[in-house]
Amino acid sequence: MTDPATPSAQPASVVRLDIPGGPGLIHRDVAANGARFHIAELGDGPLVLLLHGFPQFWWTWRHQLTALADAGFRAVAMDLRGVGGSDRTPRGYDPANLALDITGVIRSLGEPDAALVGHDLGGYLAWTAAAMRPKLVRRLAVSSMPHPRRWRSSMLADARQTAAQSHIWGFQRPWVPERRLTADDGALVAQLIQDWSGPQPPDEKALEIYRRAMCIPSTAHCSIEPYRWMVRSLARPDGIQFNRRMKRPVRVPTLHLHGSLDPVVRTRSAAGSGEYVEAPYRWRLFDGLGHFPHEEDPVSFSTELINWLKDPEPDR
């Protein structure tokens, strides 16, 4: 048997983990948009689909899975294309295709729609899916990520935001970023998560799990590819077309969550996203939290999310 602590470990031995307080958690694979996606599922009720960011995988939502299930929801956390237990395809890492992965998973789960909850890159894709396939998105909750058009304008016009996401510019080099992410058994992954967190970063055990997951072969490359597209397409026809598509307003109730100490996405950059929502929009700033509010203070985050999901008339 392969030792899950080694970089050569197979995905199943590294990412199909149990979670505290989550008896009954089901791991399985679903087919969608020409690929296979690993999901972790808990509970029954209306579907809430959780989308992780960089440099993480489905396990980042371990606290919310149990909280949502206890609150009467069918909570499903998926691994994005190329990450965790999902397929590592050679192509398909542009946001439009990744959003179709997400809506395809909703259909494969046999549901008419879902409440999407996305963090970081998962938030970018949740915004995209809500604009592209509004009939499949019941509600939208985004953490630590502006609307795609807001992200684009901030990266181009705000020098402080550009500096805050300097890692994305570094990702544009070939092969070097992949080697850095997997060097020393993924030490950089732990460093990034610690640097981007507030005073309460994930513990050493959690950091070790993220390091191991990044060292699954091809994961580092696939994790970086969406960011390469986001930058390299800024002046290309496909990127300009995508930016135009994102002019379509989001017309579902939206909850926007952000940590006041987030060093990756400035509060000013994220807060302007409400202009792209033509529906009830709620902004919630978590004081004293960084880029990972759902892990840094899972109780506050889950309480805010569940109260909003259960609110029949979310405020604007």
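**Reading helices, core and loops in a predicted model**

Modeller: Helix H3 (residues 95–108) and helix H4 (residues 121–132) pack at an angle of about 80°, and their axes are 9 Å apart. Keep in mind that this is a predicted model.

Biologist: How do I read that angle: is H3 roughly parallel or roughly perpendicular to H4?

Modeller: Angles of 65 to 115 degrees count as roughly perpendicular. H3 is therefore roughly perpendicular to H4.

Biologist: Which residues of H3 and H4 meet?

Modeller: From H3 come Pro 95, Ala 96, Leu 98, Ala 99, Leu 100, Ile 102 and Thr 103. From H4 come Tyr 124, Leu 125, Thr 128, Ala 129 and Met 132. The residues of this contact divide into 10 nonpolar, two polar and no charged.

Biologist: Now the core. Which residues have the most contacts inside the largest nonpolar core?

Modeller: They are Leu 49, Phe 57, Trp 58 and Leu 116, in a core of 104 residues. H4 gives the most to this core, with nine residues. Take Leu 49 as a case. Beyond four places in sequence, Leu 49 touches Val 76, Met 78, Ile 102, Val 105, Ile 106, Ala 114, Ala 115, Leu 116 and Val 117.

Biologist: How do I check a helix by its length? What should H15 span?

Modeller: Count 1.5 Å times one less than the number of residues. H15 (residues 298–310) has 13 residues, so it should span 18 Å. Its end C-alpha atoms are 18 Å apart, which agrees.

Biologist: Which residues of H15 are buried?

Modeller: Buried means under 20% relative accessible area. In H15 the buried residues are Pro 298, Phe 301, Ser 302, Glu 304, Leu 305, Ile 306, Trp 308 and Leu 309.

Biologist: And what covers the buried residues of H2?

Modeller: First, the residues themselves. In helix H2 (residues 62–70), Arg 62, Gln 64, Leu 65, Thr 66, Leu 68 and Ala 69 are buried. Their cover includes strands E2 (35–42), E3 (47–51) and E4 (74–78). It also includes helices H10 (204–214), H14 (293–296) and H15. Just after H2, Gly 72 takes a positive phi of about 95°.

Biologist: Which residues other than glycine have a positive phi?

Modeller: Two cases to look at. Trp 175 has a phi of about 65°, and Asp 185 has one near 55°. Trp 175 is in the loop between H7 and helix H8 (176–182). Asp 185 is in the loop between H8 and helix H9 (187–196).

Biologist: Why does Trp 175 count as exposed?

Modeller: The cut-off for exposed is over 50%. Trp 175 counts as exposed because its relative accessibility is 53%. Asp 185, at 41%, is partly exposed.

Biologist: Where is Gln 165, and is it buried or exposed?

Modeller: Gln 165 lies in the loop between helix H6 (159–164) and helix H7 (166–170). It is buried, with a relative accessible area of 2%. Setting aside residues up to four places away in sequence, Gln 165 touches Trp 151, Met 155, Val 264 and Val 265.

Biologist: What joins Phe 54 and Pro 55?

Modeller: A cis peptide bond, with omega of about 5°. Pro 55 sits in the loop between E3 and H2.

Biologist: Last one. What is Ser 154 in contact with, beyond its neighbours within four places in sequence?

Modeller: Gln 161, Thr 162 and Ser 269. Ser 154 belongs to helix H5 (residues 148–157) and counts as buried at 6% relative accessibility. Its C-alpha atom is separated by 9.6 Å from that of Val 265, 111 residues apart along the chain.

Methods: Residues are numbered from 1 along each chain as its sequence is written. This is a predicted model: local features need pLDDT of at least 70, side-chain atom pairs count only at pLDDT 80 or more; totals for chains, interfaces and linings use all residues. Side-chain values use heavy atoms; hydrogens and water are left out. Helices (H or I, at least four residues) and strands (E, at least two) are DSSP runs, numbered from the N terminus. Buried means under 20% relative accessible area, exposed over 50%, partly exposed in between (1.4 Å probe, protein chains only). Axes are lines fitted to C-alpha atoms, for helices over the stretch in contact, and angles run from 0 to 180 degrees between N-to-C directions. Angles under 35 degrees count as roughly parallel, over 145 as roughly antiparallel, 65 to 115 as roughly perpendicular and the rest as oblique. Contact means heavy atoms within 4.5 Å. Ala, Val, Leu, Ile, Met, Phe, Trp, Tyr, Cys and Pro count as nonpolar, Asp, Glu, Lys and Arg as charged, and the others, Gly among them, as polar. A nonpolar core is a set of buried Ala, Val, Leu, Ile, Met, Phe, Trp, Tyr and Cys residues joined through side-chain atoms within 4.5 Å.
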